[in-house]
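Hi,

Here is the structure I promised to pass on. Have a look, and then read on for my notes.

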Amino acid sequence: MDKYNAVIFDLDGTLLDTLEDITDAVNHAMQNAGYSVHSVAEVRSFVGNGIKKLIERSLPQGADTPGFDSIFNEFKQFYTANCHIKTHPYPGIMELLERLHSDGYKLAITSNKNQAAVTELNNIYFAKYISVAIGENRHMPKKPAPDSVLSALGQLGGCPVDRALYVGDSDVDIKTAKNACIKCISVSWGFKDRQVLEKLNPGVIIDTPTELYNYL
């Protein structure tokens, strides 16, 4: 623990495999509004820039779709109520968090998912280890703006950026870390394949949670 004392995690595609529940919520909103549903692979390509952008990408006319706000709200309500039906931590994540917590690392989550769902999922899976879980809300810009990461570090006792790591699975996470001037670790088990991540020049890519612990 000489170099780092805090780890900030992305949620979807990093700690939790949430894709099937997200897909079900998207398709619920699509069907409810009379639009075609999407495959898991399609929804996987839509995620990463916040839930409003997810719904924009899911609709044929995007944000210009008549009744967009109602469709978006239907998605949020359904997803928040059903966000843990098929969701599960990736293999090795719970063991990693247990080890980090036991070693005294400060841990947090920052996500572009709506705050209600982030709070719900953190309470279900990670409350023993993670006390700071920040989701999308009107008080700060969504990632890749650095605000949520810097806020998390402040809530962790003012940890300086050079003593923290940011862990995520996408281009948005790489940009977020860069904007926050924090070291980024990219994971290959999430929503973006290793080949995609390598093209983004992320610096460090890991294939298992154990590799993160060893890096620290």
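Which residues in α3 meet which residues in α4? Ile51, Lys52, Leu54, Ile55 and Glu56 in α3 meet Phe68, Ile71, Phe72, Phe75 and Lys76 in α4, where contact means heavy atoms within 4.5 Å. Seven of these contact residues are nonpolar, none polar and three charged.

Before the rest, some ground rules. This is a predicted model, with local features needing pLDDT of at least 70 and side-chain atom pairs pLDDT 80 or more, while totals for chains, interfaces and linings use all residues. Residues are numbered from 1 along each chain as its sequence is written, and side-chain values use heavy atoms, without hydrogens and water.

Back to the helices (DSSP runs of H or I, at least four residues; strands are E, at least two). The axes of α3 (residues 51–58) and α4 (residues 68–81) come within 10 Å and cross at roughly 120°. The two are therefore oblique to each other (under 35 degrees is roughly parallel, over 145 roughly antiparallel, 65 to 115 roughly perpendicular, the rest oblique).

Now the cavities (sets of points on a 1 Å grid where a 1.4 Å probe fits but cannot get out; lining residues have an atom within 4 Å of a point). The whole structure has two of 30 Å³ or more. The largest has a volume of about 270 Å³ and is lined by 21 residues, with Asp12, Val47, Gly48, Gly50 and Asn112 nearest its centre. β4 gives the largest share of that lining, three residues.

Best wishes

Notes. Axes are lines fitted to C-alpha atoms, for helices over the stretch in contact, and angles run from 0 to 180 degrees between N-to-C directions. Ala, Val, Leu, Ile, Met, Phe, Trp, Tyr, Cys and Pro count as nonpolar, Asp, Glu, Lys and Arg as charged, and the others, Gly among them, as polar. On a 1 Å grid over the protein atoms alone, a cavity is a set of points where a 1.4 Å probe fits but cannot get out, and a pocket is an open set with protein on both sides within 12 Å along at least five of seven lines; lining residues have an atom within 4 Å of a point. Grid points are joined across faces, edges and corners, and a volume is the space filled by probe spheres set on the points.
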